[in-house]
Amino acid sequence: MKPVVVRQIARIDDALIDNLGSLGVSTVHEAAGRVGLMKPYMRPIWPGAAIAGSAVTVLAQPGDNWMIHVAVEQCRAGDVLVVGVTADNTDGMFGELLATSLAARGVRGLIIDAGCRDVKALKEMSFPVWSRAVSAKGTVKATLGAVNLPVVCAGTAVAPGDVVVADDDGVVIVPAREAAEVAAKGNKRRSDEEDKRRRLAAGELGLGMYKMREPLAKAGLVYVDKIDDVP
């Protein structure tokens with residue numbers, strides 16, 4: 001890793017990003033072929049948050065938030081800051097003051113594979129954060145990292161300009177070059193699910209709708225009327 005800041009990154013169309021955001025993490029993950037999902041320990045610090053935006057990436061050192069401060073300058077409206085760390089860490093590397101600075105630049109939220117603090121204040125200001133942990137432990141500003149180089153965050157590769165989609169189900173990353181295709185597949189999936197939802201609400205069973213009965217029988221599932229009839 002070189003201690004470098006890349007000032008210019010490519011970002012895709014806002015309408016496409018917003019489309020992916022409207023689909024939600026689960027649908028996007030399925031539409032992408034079940035790839036790009038961060039580890040499930042990445043949780044929103046307050047429920048109900050949902051964002052989508054272009055990734056500005058940070059590689060930080062454990063317990064050191066210096067490069068997050070550096071990255072703020074590189075953010076613009078509609079971005080999501082994604083912070084990977086060079087080693088496992090849960091220190092509170094982000095809080096209210098940094099969130100205030102990011103919000104002033106129109107940043108939609110933060111994804112950080114480390115700790116976050118000032119949760120009450122962040123909720124009150126409606127700044128969304130997905131983090132590995134919540135911790136009041138403070139940090140230092142001592143060691144360089146990098147901004148807008150590819151990073152790994154919670155087990156998922158993130159390149160600057162990739163699309164970040166995050167909600168109560170977690171965080172998924174869509175490579176910028178695949179965003180249009182994933183959105184198209186996600187839109188079709190959403191349409192199909194609306195029809196299935198209507199049928200299920202009307203009382204139809206998934207067993208019939210998904211044509212499960214024959215493969216279940218072939219797999220060996222047996223129905224009996226009473227427990228005494230169990231073979």
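Which strand and which helix each supply at least two residues of the lining of the largest pocket? The model on screen is predicted.

**Whole protein**

Show everything as a cartoon. The protein has 231 residues, and 43% of them count as buried. Its secondary structure comes to eight helices and eleven strands. Along the principal axes, the C-alpha trace spans about 70 × 40 × 35 Å. The accessible surface is about 12,100 Å², with 53% belonging to carbon and sulfur atoms. Contacts reach across the sequence: among those with a separation of 6 or more, 76% join residues 24 or more positions apart.

**The largest nonpolar core**

Hide the surface. Select Met-38, Leu-81, Val-82, Phe-94, Ile-111, Ile-112 and Val-129. Of the 46 residues in the largest nonpolar core, these touch the most other members. Next, colour strand S2, residues 51-60. Strand S2 gives the most to this core, with six residues.

Stop at Leu-81. What is Leu-81 in contact with, leaving aside its neighbours within four places in sequence? The list includes Val-56, Val-58 and Ile-68. Ala-71 and Cys-75 are also in contact with Leu-81.

A second core is separate and has 16 residues. Select Ile-12, Ala-32, Val-174 and Val-182, which are among them.

**The largest pocket**

Time for the opening question. Select strand S4 (92-94) and helix H4 (96-104): each supplies at least two residues of the lining of the largest pocket. This pocket has a volume of about 170 Å³. It is lined by 14 residues. To find its centre, select Asn-65, Gly-95, Leu-97, Leu-98 and Arg-117, the lining residues that lie nearest to it. Colour the lining by type: four residues are nonpolar, six polar and four charged.

Finish with the backbone. Most residues other than glycine have a negative phi. Two stops here show a positive value.

Go to Arg-34, in the loop between helix H2 (25-31) and strand S1 (43-44). Its phi is near 60°, a positive value in a residue other than glycine. Is Arg-34 buried or exposed? Arg-34 counts as exposed, because its relative accessibility is 59% and the cut-off for exposed is over 50%.

Then move to Lys-211, in the loop between helix H7 (206-209) and helix H8 (213-219). Lys-211 is not a glycine, yet its phi is positive, at about 55°. With 66% relative accessibility, Lys-211 also counts as exposed.

Conventions
Residues numbered from 1 in each chain as written. Predicted model: local features only at pLDDT ≥ 70, side-chain atom pairs only at ≥ 80, totals over all residues. Heavy atoms only, no water. Core = buried A, V, L, I, M, F, W, Y, C linked by side-chain atoms within 4.5 Å. Buried < 20%, exposed > 50% of the residue type's maximum accessible area, 1.4 Å probe, protein only. Helix = DSSP H or I, 4+ residues; strand = E, 2+ residues; numbered from the N terminus. Contact = heavy atoms within 4.5 Å. 1 Å grid on protein atoms, 1.4 Å probe; cavity = no way out; pocket = protein on both sides within 12 Å on 5 of 7 lines; lining within 4 Å. Points joined across faces, edges and corners; volume = space filled by probe spheres on them. Nonpolar A, V, L, I, M, F, W, Y, C, P; charged D, E, K, R; others polar. Areas by Shrake-Rupley, 256 points an atom, 1.4 Å probe, with all protein chains shown as cover.
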